[in-house]
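Please look through the structure shown below.

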Number of protein chains: 2
Amino acid sequence: MRPFRFHITARDGQARTGRLQTAHGVIETPAFVPVATWAAVQVLSAADLQRAGAQVLITNAYHLHLQPGGTVIRDLGGLHTFMGWSGPIMIDSGGFQIFSLGAGRTQGVGKVGTGSSGKRRKNEFPKTNRVRPLVRVDEDGAEFISYLDGSRYRFTPENVVEASLDLGADLIMALDECTSPLHSYERTRESLARTHRWALRALDVFRRLAPEGRALFGIVQGGDYEDLRRESSRFIGGLDFDGVAVGGSLGQSKADIGQVLKWTVPGLPEGKPRHLLGIGWVEDVLTAVSLGIDLQDCVAPTLLARTGTFLHKREKRFRLRIRNREHRRADRPVEEDCTCPTCRTCSRAYLRHLFMAGEPLAVHLASVHNLYFMETLMASLRKAIRERRLARWIEDLLTKGSLGLTKP
Amino acid sequence: MRPFRFHITARDGQARTGRLQTAHGVIETPAFVPVATWAAVQVLSAADLQRAGAQVLITNAYHLHLQPGGTVIRDLGGLHTFMGWSGPIMIDSGGFQIFSLGAGRTQGVGKVGTGSSGKRRKNEFPKTNRVRPLVRVDEDGAEFISYLDGSRYRFTPENVVEASLDLGADLIMALDECTSPLHSYERTRESLARTHRWALRALDVFRRLAPEGRALFGIVQGGDYEDLRRESSRFIGGLDFDGVAVGGSLGQSKADIGQVLKWTVPGLPEGKPRHLLGIGWVEDVLTAVSLGIDLQDCVAPTLLARTGTFLHKREKRFRLRIRNREHRRADRPVEEDCTCPTCRTCSRAYLRHLFMAGEPLAVHLASVHNLYFMETLMASLRKAIRERRLARWIEDLLTKGSLGLTKP
């Protein structure tokens, strides 16, 4: 088994490129991590992912516990065999589900503080808070109530590490408690202390059980409170983790993401890989990479694809809406210089037609393009860092759409 | 432009193999024709279809008129360019929609006479017949009311041929009136006479306008009335069509399909290709090929895929339901000897998991397998006919599941 190793290959400001070696191959960082919650990336097969240049996937211990159940995957030879993916696999711990099935559910908010009714202030909960949480957290861990059949199961820092090892994941997230952007300072501080105690417990069991080549990531929390983020970053960064992830509430709006990272990253050890959990829209990637993040996972490529939105380097917010009437007779591909199978074979007119007709092939073709776009973006960012011109490159992209869209 | 040509290469009883030459390549018959109503086969890309061995697709003049509109496709270079499919393309005329948006809608029935409330007898309509038809038929043609925006448009035998030629289709169906299995003898007879008058009009405009290499198919109707089917078969078979299609109501149950074909096929000219419209479940294919049918289109492979049903040569009615609990831990592929990408890379357990988790990739993987299955079935049938052992081969398949599932 090749050991887990990370080394930095180039630097430009706070940004860096690196090589992350796992038992299932090397990840060139900064890397985008497609989300395979249920051991599949929506409409993309393992072959599609490989063709697009995906280096690593992230799956979820909570979801796979529900369906098909961890022992099923273990007995079938682990996640790699199960889903036919031979590259590295990262696994999230269920910490985000403590939020999304708890406060996220009762408060009706997402990670960046806005729910269906828009932006809210601290402790200002929506009126329809009769929704019951599907999770209860105590010092030992979290008890989830299945939304499928009402059954209960307990996640602890220890059993999450054990289950993740059983599944054969390469990069494992420790169990954390993800707080809500609407939680008070007091509540966030108490939760953070617990996340830190859980980190120690996770680390303890991981060091006892993990075979060589596996890596455990500790998770920094602290909401959008500067002192808590700094404290968490120093605490988690100081422990014997193989990598560090930045999780949880990143403020009231997207603009706050950079702010939270500016408080967090300086406390982290230089030599360990840094993962930003669940944040990876194009603008966020530019921000995070510039601030020294190495890995980011996000559902954006397939989420956008479902609504007929194609990533595009010259469109506002990098989004081209294929349903717009202007594409009805457009003979050209989404991006002239893109080498993805969709752009090589389909006109905008055909893609628009498939979305208008509701053909499921449409979402597949859009997902393929959007993932190629992200992988190409990451390759371009790595190149710009190596050539020490990241800031200028980002400036060019934002002003001129100069992303060199050729296959990484 | 290579001319349209069909010649029979082998015979076994009433069954035959043939080579159908079109401007876009040769079709080895008997052939299965995947349904690309909206210029796409559900979740399968042109590349997927090609890999599976699909030789020809059937699209629909009615649907493409609605979305994106015929002139859009014509101005973009025709259907082949539009959908990225270089093989032959067949196009249906909208005759089936005269039924499905008319009597099929108001009577709540499908082509084989059973609706949501099961089998019905002639003239016995469901009580909820307040549903308005979305089509009105007169001698000139059919006026459709769009279910999208209420707009009206008239299809005539002439303009359907013109539109189909404009779209660049290779094999064109004449406009017919498809009757309901619940229609009386009188009503069916009157409708048939009109279909025959329309056939003459379609033929007339096709002979004037069609460039070399295109083919027009006349459609035999007559419901499940023996004398009408025999009459229609002689009438359509006697005209100057390039091929003949069997359409319309094929009786009250699946068992009647063979009966209707036994009345129809003897009247058809030997030297012309015979297409069976919209019928192509595995059992139907065995029946139809045995009775001398050369081409069949059907949505079965993708329709079954959507419900987690995999075609399988050794299962009852050739269907394996992957959601069944017995597959939860099954490490083996759906079919051990199948060479499709799904069987080569996925275990039953993984496929079941994807369906249980509702991952859209599941339907794609099932569609790929089901189409491979159909293409392999057709290749095996062609081989059995060439070797003059079709009846024995079918018997073996039905008793022992001996379909040689290797890539055609």
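In chain B, strand β14 (residues 243-246) pairs with β13(B) in the parallel sense, over four bridges. Across this pairing, B:Ala245 in β14(B) is the bridge partner of B:Ile219. A crossover is called right-handed if, with the strands pointing away from the viewer, the path from the first strand over the helix to the second runs clockwise. Strands count as paired if DSSP finds at least two bridges between them. Helices (H or I, at least four residues) and strands (E, at least two) are DSSP runs, numbered from the N terminus.

This is a predicted model, in which local features need pLDDT of at least 70 and side-chain atom pairs count only at pLDDT 80 or more, while totals for chains, interfaces and linings use all residues. Residues are numbered from 1 along each chain as its sequence is written, and chains are lettered from A and ligands numbered from 1 in the order in which they are written.

Strand β12 (residues 171-173) of chain B is joined to β13(B) by three bridges, and the two run parallel. Here B:Met173 stands opposite B:Phe217. Together with helix α8 (residues 185-209) of chain B, β12(B) and β13(B) form a right-handed β-α-β unit.

## How covered is β13?

Strand β13 (residues 215-220) of chain B has six of its six residues buried, so it is largely enclosed by the rest of the structure. A residue is buried if 20 or more other C-beta atoms, placed from the backbone, lie within 10 Å of its own. One side of β13(B) holds B:Ala215, B:Phe217 and B:Ile219, the other B:Leu216, B:Gly218 and B:Val220, and all are buried.

## An antiparallel sheet

Chain B also has an open sheet of three strands in the order β9-β10-β11, with antiparallel pairing. Strands β9 (135-137) and β11 (152-155) of chain B are at the edges with a single partner strand each, so one side of each has no neighbour in the sheet. On average, neighbouring strands of this sheet are turned by 20° against each other, direction ignored.

Four bridges link β10 (residues 142-145) of chain B to β11(B). B:Glu143 stands opposite B:Arg154 in β11(B).

## Helices α14 and α15

In chain B, the axes of helix α14 (residues 348-357) and helix α15 (residues 361-386) come within 8 Å and cross at roughly 135°. Axes are lines fitted to C-alpha atoms, for helices over the stretch in contact, and angles run from 0 to 180 degrees between N-to-C directions. α14(B) and α15(B) are therefore oblique to each other; angles under 35 degrees count as roughly parallel, over 145 as roughly antiparallel, 65 to 115 as roughly perpendicular and the rest as oblique.

B:Leu351, B:Leu354 and B:Phe355 of α14(B) meet B:Leu361, B:Ala362 and B:Leu365 of α15(B). Residues are in contact if their C-beta atoms, placed from the backbone, lie within 7 Å. The residues of this contact divide into six nonpolar, no polar and no charged. Ala, Val, Leu, Ile, Met, Phe, Trp, Tyr, Cys and Pro count as nonpolar, Asp, Glu, Lys and Arg as charged, and the others, Gly among them, as polar.

Eight of the 10 residues of α14(B) are buried. What covers them includes α3 (70-75) and α4 (79-83) of chain A, together with α15 of chain B.

Notes
Two residues are in contact if their C-beta atoms, placed from the backbone, lie within 7 Å. A residue is buried if 20 or more other C-beta atoms lie within 10 Å of its own, exposed if 12 or fewer, and partly exposed in between; C-beta atoms are placed from the backbone.
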